[in-house]
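Morning, everyone. Please have the sequence and the model open while I talk.

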Amino acid sequence: MNPLRILNQSGQSIWLDNLSRTLLREGGLQQLIENDGISGVTSNPSIFQKALAESPYYQDDLARLKASEADAEKRYEALVIPDIQAACDLLLPTFQRSQGVDGYVSLEVSPHLAHDSAATIAAAQRLRATVNRPNLLIKIPGTAAGLVAFEQLIAAGVSINITLLFSLRQTVRVFEAYIRGLRQRLAQGNDLRNVKAVASLFLSRVDTLVDQRLSTIDSDAAQALTGRAALITAKLAYQRYQDIFHGAMFADLAHAGARPQYLLWASTGTKNPAYSDVKYLEALIGPETINTVPDATLAAFRDHGRVELTLKDAIAAAEADYIALEKIGIDLNAVGETLQADGLKLFSDAYDKVLASS
């Protein structure tokens, strides 16, 4: 059987980390939904930059918009929002069948708003109204301002994918902001059942940076920790998820109909060729999680992926390795701050490029 289909039965959702008109118009996304059980889609400025550069299906609209719309950001949104709506429509049966647990498509606000909570809130509400689909997640970064916006948007009933998380501390702060937002919403007498949030924890970039730093430390301990930082972070984040969303902190909200904030494994394409090309799938399989996967990694897992419930394995070892990294001078929370800033720059640069080409 297709390993992706077996994976669907584990309680983990597989989302596609890609979107383009080629996928939509040539039936690729529909085939992935039908054949592989793909149950969601994530997008970002880099993905749309690639789509607009490579897909032939934007050219007529682009020429028309360049002649009629002077604002580059409005041209960009006019190009990509129909793709988001089409993907939402394809995944609507999944959304309905799962009663709103699955079947979502993510659309990101401008990364230039990452440090402006008020502007992020306004952009999120505007994009939500424009797309006008129940299975849309507005994507905002987990910066300090992003957390303020996230809490207020949850209180307002806007479903969110909070992204660019790279550390345990960043992830726990997101969980706490989600709960504060839900409590505000509940205090206002509003329904909690239709609010959805996911927390996107990036993986391969963590290993890339930590491995680079470990390579400068001449010790057996450093060598033994190579390639482990991302999995350590993910496994400990899942433990905190379990403690928070299946514990006393969330019990009253769950009783009121609130959904837990699932962890979403992002940046799951292996960057180091010395590692397995399905490393960030096979090692993190468990219920109430999502793995958003680029095309090449999806194909690799379809070909030779192994499905075992691995997410709860070796937790004590992960805790020990976390401490061992600290002892040799690597603070994973500080790594997360560096990577979040780097990620914001990458997305901002991609956004600027896509606006220039639009």
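Where is proline 287 found? Proline 287 sits in the loop between helix H14 (279-282) and strand S8 (289-293). Before I go on, this is a predicted model, in which local features need pLDDT of at least 70 and side-chain atom pairs count only at pLDDT 80 or more, while totals for chains, interfaces and linings use all residues. Residues are numbered from 1 along each chain as its sequence is written, and side-chain values use heavy atoms, with hydrogens and water left out. Helices (H or I, at least four residues) and strands (E, at least two) are DSSP runs, numbered from the N terminus.

Proline 287 is partly exposed, with a relative accessible area of 33%. On that scale, buried means under 20% relative accessible area, exposed over 50%, and partly exposed in between, with a 1.4 Å probe and protein chains only. Leaving aside neighbours within four places in sequence, proline 287 is in contact (heavy atoms within 4.5 Å) with Ser10, Gly11, Gln12 and Tyr238. The C-alpha atoms of proline 287 and tyrosine 262 are separated by 9.4 Å, and the two are 25 residues apart along the chain.

Next, helix H7. H7 covers residues 117-131, and its 15 residues, at 1.5 Å a residue, should span 21 Å; the end C-alpha atoms are 21 Å apart, which agrees. The expected span is 1.5 Å times one less than the number of residues.

Which residues of H7 are buried? They are Thr120, Ile121, Ala123, Ala124, Leu127 and Val131. Seen down the axis of H7, these buried residues fall within an arc of 170°, so they line one face of the helix. The arc is taken from the directions from the helix axis to the C-beta atoms. An α-helix has 3.6 residues a turn, so residues three or four places apart point the same way. On the other side of H7, Ala118 and Ala129 are exposed. The buried residues of H7 pack against helix H6 (72-97), strand S3 (104-108), strand S4 (136-141) and helix H8 (144-155). After H7 comes asparagine 132, with a positive phi, near 55°.

Last, asparagine 333, in helix H17. Asparagine 333 counts as buried, because its relative accessibility is 13%. Not counting residues up to four places away in sequence, asparagine 333 touches Ser167, Leu168, Arg169 and Tyr322.

That is everything from me.
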